[in-house]
Amino acid sequence: MRTLARRTRGAGPLALVAALLGVMLLLAPSASAAGGLSDAAATLKKGQVYVAPQMQDRFSQAQADALTKKIEKADKPIFIAVVPDAANKDTVLTDLRTLVGIDGVYGVWRGSSGFMARSDRGAMAAGAADRIGSAVGRADKGDINATLNDFVDQAAPQTKGTGVNHSTSIAWVIIPVVLVALAGAGVFFLFRRAKKRKEEKARAELEQLRRVVDEDITAFGTELERLDFNPRAADADDAQRADYSSALDSYEKSKRLMDEAKKPEDVKQVTEAIEDGRFQLATLAARRDKRPLPERRPPCFMDPRHGPSVKDVDWAPAGGAPRSVPVCQADADRVAAGLDPAVRTVDTEYGPQPYWNAGPAYAPYAGGYYSGFGGGLLPGLLVGTMLGSMMSTPAYAAAPMMDGHHGGYQDQYEGGDYTGADFNASDFSGSDWSGGGDFGGGGDDW
């Protein structure tokens, strides 16, 4: 009997939500009867891909099902709608976001106009969805299926948060109507689940970073051993001993801080310590070789494990514009010879990627290495990359990685959170539709 009582109490919030859902289904008009945006929003909450009946001759149900499976496999809050020209070209994206009520990435193909995408900052760096949408729209030249699949392929690695928990979304839809009934246990249950999901995400990102940073710490320790410096040797002077002691302290500090790290943002202090220690090693090596002492410069951009840079060279990452980046001598020689530099890659769910394209968790990793060289340096180096888009925001420059959120900006929600109409509509401003021609007409009666 006691076991039964425990189960009943544990299921209370879920039972409450289920009962309230039944009431709402009785009271609410059907989505198909509402039509237009209401129908699209109802479908997106359930399957994340919507195709208006008028557009199924251009984007079939089979294609929509395949795209839905791709989004579900990526487990990202990405929402795609294919709508006719009758949809209001100026407001359809913002209107859909308002009705769906989920923090995420939204893409719409509108009739003959083409494709446009927007995102909440909790789900993707500001402007990134717009840039990806414009690029795939131009490249695929009116092919809806190719455009939408290319967009999801490119957007998924850059999208923060997880896929939508639809049972929870139902609860958030009915909260405004039955707020009193959901007070107490029901609301607490929903918030607890959201908090747990964020904590699990932070732990996973920290473990991903831990493997990479441990490799950097090990490489730093190997350099210390390779130096083969004996502080008690007859030719060692006080300045050399001080350099060696500082480098050794930085090494021990980096290990301690990594052991103590509780969240991804804590990694910033670790890479700061590694950068400082590597400069002390470079200084010690110069003293021993009777060379001029090195200038304090940023680490090699290609791979911070290469140590302090020696010069700046013009270089362009894959698909990006040329920019001046600090590099070590070996990478400077490679670039001068027309060869690829030795770029630091890390493992991701999409295969090995340069650290600057490996996801928002790597913002603290990169930020620590370059924090001592001006707040604007790293975003400038990373223009056109995932981390560059994120770090170029004004909030990042004001308080990088110190606000408790990944990415350096303050945002109330993360991708996949249920916000209702509480979101920043200015995030959805951007360029014209790409991939189409005539903008067509006006309202949303379709």
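## Contact between helices α4 and α6

In this predicted model, helix α4 contributes L37, S38, A40, A41, L44 and K45 to a contact with V92, D95, L96, L99 and V100 of helix α6. Sorted by class, the residues joining α4 to α6 are 8 nonpolar, 1 polar and 2 charged. Helix α4 covers residues 36–47 and helix α6 covers residues 92–100.

Two packed helices are described by the angle between their axes and the distance between the axes. For α4 and α6, the axes come within 9 Å and cross at roughly 55°. The two helices are therefore oblique to each other. The crossing in which α4 passes α6 is right-handed.

## Overall composition

The protein has 446 residues, of which 48% are buried. Its secondary structure consists of 18 helices and 9 strands. Among contacts with a separation of 6 or more, 68% are between residues 24 or more positions apart.

In soluble globular proteins, nonpolar side chains tend to be buried together. In this model, the largest nonpolar core has 49 residues, and F59, I78, I80 and F151 have the most contacts inside it. Strand β2, residues 78–83, gives the most to this core, with 6 residues.

The surroundings of I78 can be listed in detail. When residues up to four places away in sequence are not counted, I78 touches Q48, I71, V105, F151, V152, A155, A156 and T159.

## Helices α5 and α8

Helix α5 (residues 61–74) and helix α8 (residues 144–155) have axes that come within 10 Å and cross at roughly 5°. This angle makes α5 roughly parallel to α8. On the α5 side, the contact is made by Q63, L67, K70 and I71, and on the α8 side by N145, L148, N149, V152 and D153. By class, this contact of α5 with α8 comprises 4 nonpolar, 3 polar and 2 charged residues. Two of its members, I71 and V152, are also among the residues touched by I78.

K73 also lies in helix α5. With a relative accessible area of 76%, K73 is exposed. Its C-alpha atom is separated by 9.0 Å from that of G163, although K73 and G163 are 90 residues apart along the chain.

## Helices α12 and α13

Helix α12 (residues 238–260) packs against helix α13 (residues 267–288) at an angle of about 160°, and the axes are 8 Å apart. That angle makes α12 roughly antiparallel to α13. The crossing of α12 and α13 is left-handed. The residues in this contact of α12 with α13 divide into 11 nonpolar, 8 polar and 5 charged.

## Helix α15

Helix α15, residues 362–370, is mostly covered, with 9 of its 9 residues buried. The buried residues of α15 are Y362, A363, P364, Y365, A366, G367, G368, Y369 and Y370.

## Loop residues

Most residues other than glycine have a negative phi, and most peptide bonds are trans. Q48 is not a glycine, yet has a positive phi of about 70°. Q48 is found in the loop between α4 and β1, the latter spanning residues 49–51. At a relative accessible area of 4%, Q48 is buried, and this residue is one of those touched by I78.

K290 likewise has a positive phi, of about 60°, although K290 is not a glycine. The loop that holds K290 runs between α13 and β5. K290 has 70% relative accessibility and so counts as exposed.

A316 occupies the loop between β5 (311–315) and β6 (323–327). With a relative accessible area of 34%, A316 is partly exposed. Leaving aside residues up to four places away in sequence, A316 touches A321 and P322. The C-alpha atoms of A316 and L381 are separated by 10.0 Å, and these two residues are 65 residues apart along the chain.

Notes. Residues numbered from 1 in each chain as written. Predicted model: local features only at pLDDT ≥ 70, side-chain atom pairs only at ≥ 80, totals over all residues. Heavy atoms only, no water. Axes fitted to C-alpha atoms, helices over the stretch in contact; angles between N-to-C directions. Helix = DSSP H or I, 4+ residues; strand = E, 2+ residues; numbered from the N terminus. Parallel < 35°, antiparallel > 145°, perpendicular 65-115°, else oblique. Left-handed = near helix turned anticlockwise from the far one by under 90°. Contact = heavy atoms within 4.5 Å. Nonpolar A, V, L, I, M, F, W, Y, C, P; charged D, E, K, R; others polar. Core = buried A, V, L, I, M, F, W, Y, C linked by side-chain atoms within 4.5 Å. Buried < 20%, exposed > 50% of the residue type's maximum accessible area, 1.4 Å probe, protein only.
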